[in-house]
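Here is a short briefing for a first look at this protein. Please view the sequence and the model, then read on.

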Amino acid sequence: MENGEEKKISEAQFLFFKGNELLKKNLYLEAKDCYLEALSFFPERRSILFNLSLTYYQLNDFTNASLYIKKLVEFGHKDLEVINLFVEIYLSKEELDKAFDYIIKINNLNSSNELLYGIALINFFKKNVNESLRILEDILKKDSNFYLAYSLVGLIYKDINQLKSLDYLIKSVELNKDYAQGYYLIAEAYKELGETSLSEEFYNKCLNLDKDNTNCIIEHDLILPVIYLDNDQQKYYNN
């Protein structure tokens, strides 16, 4: 027989896992209801708050998405996953200035590399690339394994120095071999350099980790005819 606390935990877990299954099926309204009910049992639980915010984001309800992502930050959950969603939500709301002011305020209270990365990311989207680079360089001085900092530096250098950009992007996936978006960005960089076979290789690495990455699927399918054409031409020249 379960006591009151055990029953509460059991019901919250059931609702949370049910919400996760609904989220995977893109049934966002139903998932949202499960997470809200689970949250009534554990109002500060990181996993519930994050998935609830993400669900509202998928529903284009950016007001509620920002409400719950801010709760996460205020409860002390300031990891990279939270910071990235925070910036994405405010980018969608077209309120980057509000996001910037808020994250600066939180960082002044208790600074962290994750919050500094969020500030660098917002500066990047606001096209303040020099300030973004300065912050990212400071992060990497303190933590040379901060893979997303390398990735963002790579993006900044994309239109300035393609080879330098590629070096930083490659470093990001060397540090995190499960970073699907990193492989996608490398594939894009190789495509810009005309290295179609290498580009396809990295699109495939991205899709192996994230088979639903729409941009990657489209770009991968677009580059295949180019590879076949290159191979045919190579055969022609060899003859």
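Among contacts in the protein between residues at least 6 apart in sequence, what percentage join residues at least 24 apart? The answer is 46%, where contact means heavy atoms within 4.5 Å.

This is a predicted model: local features need pLDDT of at least 70, side-chain atom pairs count only at pLDDT 80 or more, and totals for chains, interfaces and linings use all residues. Residues are numbered from 1 along each chain as its sequence is written, and side-chain values use heavy atoms, leaving out hydrogens and water.

**Fold**
- The protein has 13 helices and 0 strands, counted as DSSP runs (H or I, at least four residues, for helices; E, at least two, for strands) and numbered from the N terminus.
- Its C-alpha trace spans about 80 × 40 × 30 Å along the principal axes.

- Of the 239 residues, 43% are buried (under 20% relative accessible area; exposed is over 50%, partly exposed in between; 1.4 Å probe, protein chains only).
- Leucine 136 touches Tyr117, Ala120, Ala149, Leu152, Val153 and Ile156, leaving aside neighbours within four places in sequence.

**Salt bridges**
- The count is 12, each a side-chain nitrogen of Lys or Arg within 4 Å of a carboxyl oxygen of Asp or Glu.
- Lysine 126 pairs with aspartate 97, with the closest N and O atoms 2.8 Å apart.
- Lysine 126 sits in the loop between helices H7 and H8 and aspartate 97 in helix H6, so the bridge ties together parts 29 residues apart in sequence.
- Lysine 126 is partly exposed at 30% relative accessibility, and aspartate 97 is partly exposed at 49%.
- Arg46, Asp79 and Glu81 form a salt-bridge network.
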